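Hi,

Here is the structure I promised to pass on.

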Amino acid sequence: MRFASKLVGAAALSALAFAAVPASAAERIALVVKSLGNGFFDAAAKGAQQAAEEIGDIEVIYTGPTSATAEGQIEIVNSLIAQQVDAIAISANDPDALVPVLKKAMDRGIKVISWDSGVAPEGRMLHLNPSDTDLIGTTIIKLAADYLPEGGDVAILSASSTATNQNAWIEAAKAALPTEFPDINLVAVVYGDDDSVKSTDEAKGLIASYPNLKAIIAPTTVGVVAAAQVVTDEGLTGKINVTGLALPSEFKQFIDNGASQAVALWNPIDLGYSAVYLSHQLIGGAEAKPGATLSIGHVGEITLDETNAAAMAPPYQFDASNIEEFSKIY
Ligand code: RAM
């Protein structure tokens, strides 16, 4: 009796699996993120799923390590190679450490792209930036400078110290400081590893070390929430403005309570959608080469530069006038 019902259960399960993804036609695209449990990546996964449904016959494997490390991602990529997926679309925790394992994947015929946070060109076929790197760098400083007419001390609370995207944005921000923001004094850059607890500790450390701090700029959706919570809890609303890159659904409360005046971001759903759309085209034989124009479905198209990278749209700014509306979307 027990045996029979087990059999029925197994049959029902495999029928379900078959109905969702017809085994013969399916492409399997792995969306590898910096770490699981990050709302930004959950939103990107939603977009990835949208693209899969729109194109049809695609299974998205949404995966990532529990903490944002290259070692964790290397292990995952090795297991995806063993599973013989058709494509890997990765937001990398390190530009170089992932290269050997991703090369191995490409040697086995797996299409590899990076998106959000890139790997070095030899480790991927193309890279999709959410927006122009210099523009993001200038934007994160401007978000603080707009509310500091007299200038003053600011600090950056980043993600991990090896994250390609944050490091590139911080470099661009530093380059813009002397010419575009001469009164803004960047006193420190610290790393919260896209971990809430570490980000909270780092934010507290900044506040303790720099008594004249006027703004904390966190170009990470995890760090920015942690910093705004610390400013709220320490009663520093109105004294320290928290800004950076934030997911409106997670951050609205801190615009509402005044811990932040404004933040920015791009559409993470479109980003995940585009990553799957591009992976699918590479699987279908499209060539990634400088100058190539590739479709990203309803989002538009991209043209690859000389490093096979491309950028999507400028970031949106969110403040009291519009964060409510956007918080319902992502
Ligand atoms: C975090 C991650 C991600 C970054 C966003 C802005 O969620 O570090 O890579 O793009 O912030």
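A term to start with: I call a pair of N or O atoms within 3.5 Å a polar contact; within protein, one must be able to donate a hydrogen and the other to accept it, and residues adjacent in sequence count only if both atoms are side-chain atoms. With that in hand, the ligand has an oxygen atom 2.8 Å from a polar side-chain atom of Gln 166. Asp 194 has a side-chain N or O atom 2.6 Å from an oxygen atom of the ligand, and for a side-chain N or O atom of Thr 221 the distance to a ligand oxygen is 2.6 Å. The ligand is surrounded by 13 residues, and Lys 34, Asp 116, Gln 166, Asp 194 and Thr 221 are the closest (near means a heavy atom within 4 Å).

Please keep in mind that this is a predicted model, where local features need pLDDT of at least 70 and side-chain atom pairs count only at pLDDT 80 or more, while totals for chains, interfaces and linings use all residues. Residues are numbered from 1 along each chain as its sequence is written, and side-chain values use heavy atoms, without hydrogens and water.

Now the helices (DSSP runs of H or I, at least four residues, numbered from the N terminus). Thr 221 turns up again here, in the contact between helix 8 and helix 9. Helix 8 (residues 221-233) and helix 9 (residues 248-256) cross at roughly 25°, and their axes come within 10 Å (axes are lines fitted to C-alpha atoms over the stretch in contact, and angles run from 0 to 180 degrees between N-to-C directions). That makes helix 8 roughly parallel to helix 9 (angles under 35 degrees count as roughly parallel, over 145 as roughly antiparallel, 65 to 115 as roughly perpendicular and the rest as oblique). On the helix 9 side, the contact is made by Glu 250, Phe 251 and Phe 254 (contact means heavy atoms within 4.5 Å).

Helix 3 (residues 70-82) packs with helix 4 (residues 99-107) at about 10°, with the axes 10 Å apart. So helix 3 is roughly parallel to helix 4 as well. Ile 74, Val 77, Asn 78 and Ile 81 of helix 3 meet Val 101, Leu 102, Lys 104 and Ala 105 of helix 4.

And which way does helix 2 lie to helix 10, roughly parallel or oblique? Helix 2 (residues 39-55) and helix 10 (residues 268-283) pack at about 45°, with axes 6 Å apart, which means helix 2 is oblique to helix 10.

Cheers

Key
Helix = DSSP H or I, 4+ residues; strand = E, 2+ residues; numbered from the N terminus.
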